[in-house]
Amino acid sequence: MNAQLQPTGSAYFIARETERPETHTLSVLVDNEPGVLARVIGLFSGRGYNIESLTVSETEHEKHLSRITVVTRGTPHVLEQIKHQLERIVPVHRVVDLSVRAGELGQDKPLARELALIKVAGTGDERVEALRLAEAFRAKVIDANTEHFIFEITGAVTKIEQFIAIMKPLGLVEVCRTGVAAMNRGPQGM
């Protein structure tokens, strides 16, 4: 067999030449029990795919179910394979590609938001400018003294990234982000 045509050991690296990587948001409903999150993220790392954002929380207390929201990037074929493999993990109840579902509903993308805490240190004009820009971005001051502010900002990922970028020259010290929480518009659930 030609060395260039030898299998790599994984079908994930055989992508159709016409397919380009896309960013998708997956929502996974799982039992809230030890080890489930490790199994879900292990599926991604075991195949060499990066998780751009990951959030998880118990959403149905009576049923002890958690919702994992994963933002990842891959070709449509690979993302479909990941979805099918996630569905085979025993404590997984449902997997929905919110990006695909948004398209089916005639929407550009799912509704997604993130929360960030951003610490900015500075004095004088830089301090005044940081406060003015925070107000324009609707960021709340949740801690302040004469040397720093800690802002809380919620919004689309692009809004958070823009706010961080404009705070860098004004004395950005630290950033803590929650990751994306997402769902589709409309009356139906996941």
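The largest pocket of this predicted model has a volume of about 540 Å³. A pocket is an open set of points on a 1 Å grid over the protein atoms alone, with protein on both sides within 12 Å along at least five of seven lines. The model also holds 1 cavity of 30 Å³ or more and 3 aromatic pairs. Local features need pLDDT of at least 70 and side-chain atom pairs count only at pLDDT 80 or more, whereas totals for chains, interfaces and linings use all residues. Residues are numbered from 1 along each chain as its sequence is written, and side-chain values use heavy atoms, with hydrogens and water left out.

- The largest pocket is lined by 22 residues, of which T25, K109, A112, V157 and V180 are the closest to its centre; a lining residue has an atom within 4 Å of a point.
- Two or more lining residues of the largest pocket come from each of β1 (22-31), β2 (51-60), β5 and α5, and β5 gives the most, with 4 residues. Helices (H or I, at least four residues) and strands (E, at least two) are DSSP runs, numbered from the N terminus.
- The lining of the largest pocket divides into 7 nonpolar, 7 polar and 8 charged residues. Ala, Val, Leu, Ile, Met, Phe, Trp, Tyr, Cys and Pro count as nonpolar, Asp, Glu, Lys and Arg as charged, and the others, Gly among them, as polar.
- The second largest pocket has a volume of about 220 Å³. Among its 13 lining residues, R67, M183, Q188, G189 and M190 are the closest to the centre.
- β2 and α3 (98-104) are the elements that give two or more residues to the lining of the second largest pocket, which comprises 5 nonpolar, 5 polar and 3 charged residues.

**Cavity**

- The largest cavity, where a 1.4 Å probe fits but cannot get out, has a volume of about 30 Å³. Volume here is the space filled by probe spheres set on the points, which are joined across faces, edges and corners.
- Its lining consists of V120, A121, G122, E126, R127, A130, E147, H148, F149 and L170.
- By class, the cavity lining has 5 nonpolar, 2 polar and 3 charged residues.

**Aromatic rings**

- Ring pairs link F137, F149, F151 and F163 into a cluster. Rings of Phe, Tyr and Trp (its six-membered ring) pair if their centres lie within 6.5 Å; planes under 30 degrees apart count as stacked, over 60 as edge-to-face and the rest as tilted.
- The structure holds 3 aromatic pairs. The ring centres of F137 and F163 are 5.3 Å apart and the planes stand at 55°, so this pair is tilted.
- F137 lies in the loop between α4 (124-136) and β6 (140-144) and F163 in helix α5 (residues 157-167), so the pair ties together parts 26 residues apart in sequence.
- Both F137 and F163 are buried, that is, under 20% relative accessible area, where exposed is over 50% and partly exposed in between (1.4 Å probe, protein chains only).
- The rings of F151 and F163 have centres 5.8 Å apart and planes at 85°, so the pair is edge-to-face.
- This pair links distant parts of the chain, with F151 in strand β7 (residues 148-155) and F163 in helix α5, 12 residues apart.
- R127 lies over the face of F149, at 4.2 Å from the ring centre; the criterion is NZ of Lys or CZ of Arg within 6 Å of the ring centre and within 35 degrees of the ring normal.
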